[in-house]
Amino acid sequence: MMDNNRDENRTEGNENEVFLAKENDQSTSYSARNVMHDQEKKKRGFGWFRPLLGGVIGGSIALGIYTFTPLGDHDSQDTVKQSSSQQQTQSVTAKSTSSESSKSSSKSSSSSAFNSEDSSKISDMVEDLSPAIVGITNLQAQSNSSLFGSDSSGSSSDSSEDTESGSGSGVIFKKENGKAYIITNNHVVEGASSLKVSLYDGTAVTAKLVGSDSLTDLAVLQISDDHVTKVASFGDSSDLRTGETVIAIGDPLGKDLSRTVTQGIVSGVDRTVSMSTSAGQTSINVIQTDAAINPGNSGGPLLNTDGKIVGINSMKISEDDVEGIGFAIPSNDVKPIAEELLSKGQIERPYIGVSMLDLEQVPQNYQEGTLGLFGSQLNKGVYIREVASGSPAEKAGLKAEDIIISLKGKEIDTGSELRNILYKDANIGDTVEVKILRNGKEMTKKIKLDQKEETTS
């Protein structure tokens, strides 16, 4: 209120000052005219002509000075030029800003469109492929015994029923002759007395185990194709590059989160990791990814953005200080195993017929005192615990407590290295060279490989 009053008073004062100034101007002008009038009275010699002549001359001089000097148009021209310049500058600036804004908007729009298009492409792919993804439940027989051992009739009340032991995921990769086939992990189905498969539409069906292979952690199941509407196809895992986008689909933590989709990148290709299996320790080639893989995702597909299977999710590193390290078996390794399991029900591999142990697990005093090893011979190679009767190893002259240090010209430190050479670089019927240590002395033996028996390593 006080500020408003001050403004009003100031305004009134300004108006009064203006008013007084006008009065003063009028007063001054009036006085000047009166002086001139008095002077005119005194100078009656020229009469009225002199003031008139003076006025004409004075006006002409003033008009000439104004017309023929820059002063006449300087201010107005400068004002016009400055205004024009300012308008031009503003116009250029506006155009520049508009252009940059347009470019920025164009880039932003382009980037947004790309991201939106990419996201839409993935969403379309997931929607299209989801019917080929299944959930798998491993049911195992559990014995139920009555607390008193028999019922009221005196008969035994021992019984068994299948209860859920675990669950995982799988993907339908083939459909023919009224049957559909699912690829999954061996550890998802291992030990099952029966298997249930949950389809996309919620239908639960019984599955048959066609074949499994613990060393590659792969298995193939068979179901009726009555409710199967989609089949996934394999891509070429050798085309994968680090940084490429991949998508995992599966049932993490069970049916409640079925067909969960996670996205990540290929963190690494051609990784080798050690894996413990029911057939022993082995090393497998894997794809590393940061796409979230959780318990229940095992056996589900790792997909590229075209919807092709580039891997089968198999494992992850699960430690408190580790995040985003999962592994998938490359599709190029999966396909031949799947086809062989379909045609034969098992993977036929060459074997040598020995049970073995990594030498580094044998106490050093035993290595030195009993096995006769010394120096660089210690802790390197595979210790033979037992040789199977009639096996290729026995026929070649290998004995218990021999140490295998080389196979096919490749040095061996562990049993997993021996298996990798045997299963990947040799075939049934091949004759391979084996170097051993016996009582500290190096020997060379030749073994003709036979078909692998299930009861031996």
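Lys230 is partly exposed, with 23% relative accessible area. In this predicted model, Lys230 pairs with Asp128 in a salt bridge whose closest N and O atoms lie 3.1 Å apart. Asp128 belongs to helix H3 (residues 71–129) and Lys230 to the loop between strand S6 (218–224) and strand S7 (245–250), so the bridge ties together parts that are 102 residues apart in sequence. Asp128 is itself partly exposed, at 44% relative accessible area.

**Salt bridges**

Seven salt bridges are present in the structure. Side chains of opposite charge can pair when their charged atoms come close.

| Pair | N to O distance |
|---|---|
| Asp128 and Lys230 | 3.1 Å |
| Lys174 and Glu176 | 3.8 Å |
| Arg349 and Asp213 | 2.6 Å |

Arg349 and Asp213 form a salt bridge at 2.6 Å. This pair links distant parts of the chain, 136 residues apart: Arg349 is in the loop between helix H5 (331–344) and strand S13 (350–351), while Asp213 is in strand S5 (residues 204–213). Both Arg349 and Asp213 are buried. In the pair formed by Lys174 and Glu176, Lys174 is partly exposed at 25% relative accessibility, and Glu176 is partly exposed at 35%.

**Other acidic residues**

Glu360, Glu411, Asp413 and Glu417 make up a negative surface patch. Glu360 sits in the loop between strand S14 (354–358) and helix H6 (364–369). Its relative accessibility is 51%, and Glu360 therefore counts as exposed, the cut-off being over 50%.

Asp402 occupies the loop between helix H7 (392–395) and strand S16 (403–407). With a relative accessible area of 2%, Asp402 is buried. The side chain of Asp402 reaches the backbone nitrogen of Lys399 at 2.8 Å.

Most residues other than glycine have a negative phi. Asn177 has a positive phi near 50 degrees. Asn177 is placed in the loop between strand S2 (159–176) and strand S3 (179–184), and counts as exposed at 73% relative accessibility. For Asn379, phi is also positive, at about 65 degrees. Asn379 lies in the loop between H6 and strand S15 (382–387) and is partly exposed, with 31% relative accessible area.

**A buried strand residue**

Ile447 is part of strand S19 (residues 441–448) and counts as buried, at 0% relative accessibility. The C-alpha atoms of Ile447 and Tyr351 are separated by 9.9 Å, although the two residues are 96 residues apart along the chain.

Note on methods:
Residues numbered from 1 in each chain as written. Predicted model: local features only at pLDDT ≥ 70, side-chain atom pairs only at ≥ 80, totals over all residues. Heavy atoms only, no water. Patch = residues over 30% accessible without salt bridge, like charges linked within 9 Å, V, L, I, M, F, W, Y side chains within 5 Å. Areas by Shrake-Rupley, 256 points an atom, 1.4 Å probe, with all protein chains shown as cover. Salt bridge = Lys/Arg side-chain N within 4 Å of Asp/Glu carboxyl O. Lys, Arg positive; Asp, Glu negative; His and termini not counted. Charge placed at Lys NZ, Arg CZ, Asp CG, Glu CD. Helix = DSSP H or I, 4+ residues; strand = E, 2+ residues; numbered from the N terminus. Buried < 20%, exposed > 50% of the residue type's maximum accessible area, 1.4 Å probe, protein only. Polar contact = N/O pair within 3.5 Å; in protein donor to acceptor, adjacent residues only side chain to side chain.
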